[in-house]
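Here are my notes on this model, point by point. Please read them with the structure open beside you.

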Amino acid sequence: MAKTQPGAEAQLPKARWRLIGPGLVVAATGVGAGDLVATAVAGSRFGYTLLWAAVIGCLIKISLAEATGRWHLATGTTIFDGWRSLGRWTVGYFGVYIVVWGFIYGATGMSASGMPLAALFPDGPSLRTWGIISGLLGLVCVWFNRYAVVEKLMMVFVGVMFVVVVGIAIRIAPDTVALGAGLWPTLPDGSVLYTLGLIGGVGGTITLAAYGYWVTAKGWNGPAWIPMMRLDNRVAYATTGVFVIAMLVIGAELLNAAEVTLSSGDRGLLDVGIVLEERFGSLTADLFLIGFFAASFSSVIGVWHGVSLLFTDFVGRLLPSAVPAGEPEKSWPFRAYLLWLTFPPMCLLWLDEPIGLIITYGVLGAFFMPFLALTLLWLLNTSRVPDEWRNGPISNVMLFGSGVMFLVLCVQQIRDLPW
């Protein structure tokens, strides 16, 4: 990883917002097409009444990312080092999880990125072809570039997402009174699972664990950078919160009024595009599809880079000679995982229902967020961390509460699987 030059802390510019970057990368990676669909569905079913849940969801992701970044900066080690200190079971679980997750997500990310392109160019290549092209573009972007370039690319996609999604929400003209009322916690009939999903589902899964690696790749090392990391993290998830509110507005004002039921999964955003075309014309619909692509492809680039860093750390701790010091992105584990994310999953694009793999992915994936929250709670309250950087009461409440909530979602997701 990149190292901070001596005296770098003293050279921080007064306008620290100029250094913001890793947080936007992790936030943009975590907000995929499926998250936008879930938010739009919540808005279409319950209007603005679950806005408070979206706000709490952003606060939870702030606490999780902050805890991950604080571990890296306060201890000088990685989150995987922390997991290893808890016992060999963490190594076994994580090794199986990251391999299976990467295989399934590779196909999911490519398919989600291909859908808006296929809709934008109906006479062009098939969805499968666009998915393959998206995967190859993600591979090229990450293979030949290091973190600094990846960050700049992600900034572009964040800008496109913000302008398109928020611009459409403003054009729809939200009911500001109802929007404000939605900040008061209420639970309409039948909304419990939607509420938990909205709190827990938007803003990242395994990619939250990659935040510390991006912080280090940025050149932030040591406790002196913790205040900067916290600013970076809060700005990023405040931006995520704006995306979520904008999609809730689209769901509440556009889909609810049109009595539209969205398709499941990422395809639901295509339904949003159809409704936008009927109401505002093809230009607005095309702009929305561009925003759809920005959300999906930013997740591809973020996962291709960030989760590959996680895998590289995993292999490097088991085989230290595999990863040259300071050059993880040039190591064979990093590039091997990049290839694993890109090429084997392409075969799933030819399968309509890879049920066995989806069940395996669902079970393993459902366990990761409680694993992350509760292990961070454990690690950051022990002597592994200097006293001044251990959890305070607010961090403990947020991590414990999110861990319990994710366990409930985990049980529900497993119950809903087609056993």
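1. Start with one term. A crossing of two helices is called left-handed if the near helix is turned anticlockwise from the far one by less than a right angle, and right-handed if the turn is clockwise. Now apply the term: helix 7 passes helix 13 in a left-handed crossing. Keep in mind throughout that this is a predicted model.

2. Next, the overall picture. The protein has 16 helices and zero strands. It has 419 residues, and 56% of them count as buried. The exposed surface comes to about 17300 Å². Carbon and sulfur atoms supply 66% of that area. Look also at contacts between residues at least 6 apart in sequence: 84% of these join residues at least 24 apart.

3. Back to helix 7 and helix 13. Two packed helices are described by the angle between their axes and the distance between the axes. Helix 7 covers residues 147-172, and helix 13 covers residues 282-318. Their axes come within 9 Å and cross at roughly 150 degrees. Angles over 145 degrees count as roughly antiparallel, so helix 7 and helix 13 are roughly antiparallel to each other. The residues of this contact divide into 17 nonpolar, five polar and one charged.

4. Which residues does Ser-298 touch, not counting those up to four places away in sequence? Ser-298 sits in helix 13. Its contacts are Ala-28, Thr-29, Met-154, Phe-157, Met-161 and Phe-293. The relative accessible area of Ser-298 is 0%, so this residue is buried.

5. Is Ala-173 buried or partly exposed? Its relative accessible area is 48%, so Ala-173 is partly exposed. The cut-off for exposed is over 50%.

6. Helix 13 also packs against helix 14 (residues 332-342). The angle is about 130 degrees, and the axes are 8 Å apart. Why is this pair called oblique? Roughly perpendicular ends at 115 degrees and roughly antiparallel starts over 145. The angle is about 130 degrees, and helix 13 and helix 14 are therefore oblique to each other. Helix 13 passes helix 14 in a right-handed crossing.

7. Now find the residues of that contact. Helix 13 brings Val-303, Trp-304, His-305, Val-307, Ser-308, Leu-309, Phe-311, Thr-312 and Val-315. Helix 14 meets them with Trp-332, Pro-333, Phe-334, Tyr-337, Leu-338, Leu-341 and Thr-342. By class, the contact of helix 13 with helix 14 has 12 nonpolar, four polar and no charged residues.

8. Helix 14 has a further partner, helix 5 (residues 88-120). The axes of helix 5 and helix 14 come within 7 Å and cross at roughly 50 degrees. Helix 5 and helix 14 are therefore oblique to each other. From helix 5, the contact uses Ile-98, Val-99, Trp-101, Gly-102, Phe-103, Gly-106 and Met-110. From helix 14, it uses Tyr-337, Trp-340, Leu-341 and Thr-342. The residues of the contact of helix 5 with helix 14 divide into eight nonpolar, three polar and no charged.

9. Move on to Thr-129, in helix 6 (residues 127-143). Thr-129 and Met-110 are 19 residues apart along the chain, and their C-alpha atoms are separated by 9.6 Å. Thr-129 has a relative accessibility of 33%, so Thr-129 counts as partly exposed.

10. Gly-212 is in helix 10 (residues 211-217). How far apart in space are Gly-212 and Leu-73, C-alpha to C-alpha? The distance is 7.9 Å, although Gly-212 and Leu-73 are 139 residues apart in sequence. Leaving aside neighbours within four places in sequence, Gly-212 is in contact with Thr-68, Gly-69 and His-72. Gly-212 is buried, with a relative accessible area of 0%.

11. Finish with Ser-402, in helix 16 (residues 393-416). Ser-402 has 1% relative accessibility, so Ser-402 counts as buried. Not counting residues up to four places away in sequence, Ser-402 touches Ile-60, Leu-64 and Ala-373.

Methods: Residues are numbered from 1 along each chain as its sequence is written. This is a predicted model: local features need pLDDT of at least 70, side-chain atom pairs count only at pLDDT 80 or more; totals for chains, interfaces and linings use all residues. Side-chain values use heavy atoms; hydrogens and water are left out. Helices (H or I, at least four residues) and strands (E, at least two) are DSSP runs, numbered from the N terminus. Buried means under 20% relative accessible area, exposed over 50%, partly exposed in between (1.4 Å probe, protein chains only). Contact means heavy atoms within 4.5 Å. Axes are lines fitted to C-alpha atoms, for helices over the stretch in contact, and angles run from 0 to 180 degrees between N-to-C directions. Angles under 35 degrees count as roughly parallel, over 145 as roughly antiparallel, 65 to 115 as roughly perpendicular and the rest as oblique. Ala, Val, Leu, Ile, Met, Phe, Trp, Tyr, Cys and Pro count as nonpolar, Asp, Glu, Lys and Arg as charged, and the others, Gly among them, as polar. Accessible areas come from the Shrake-Rupley method with a 1.4 Å probe; for residues, only the protein chains shown count as cover.
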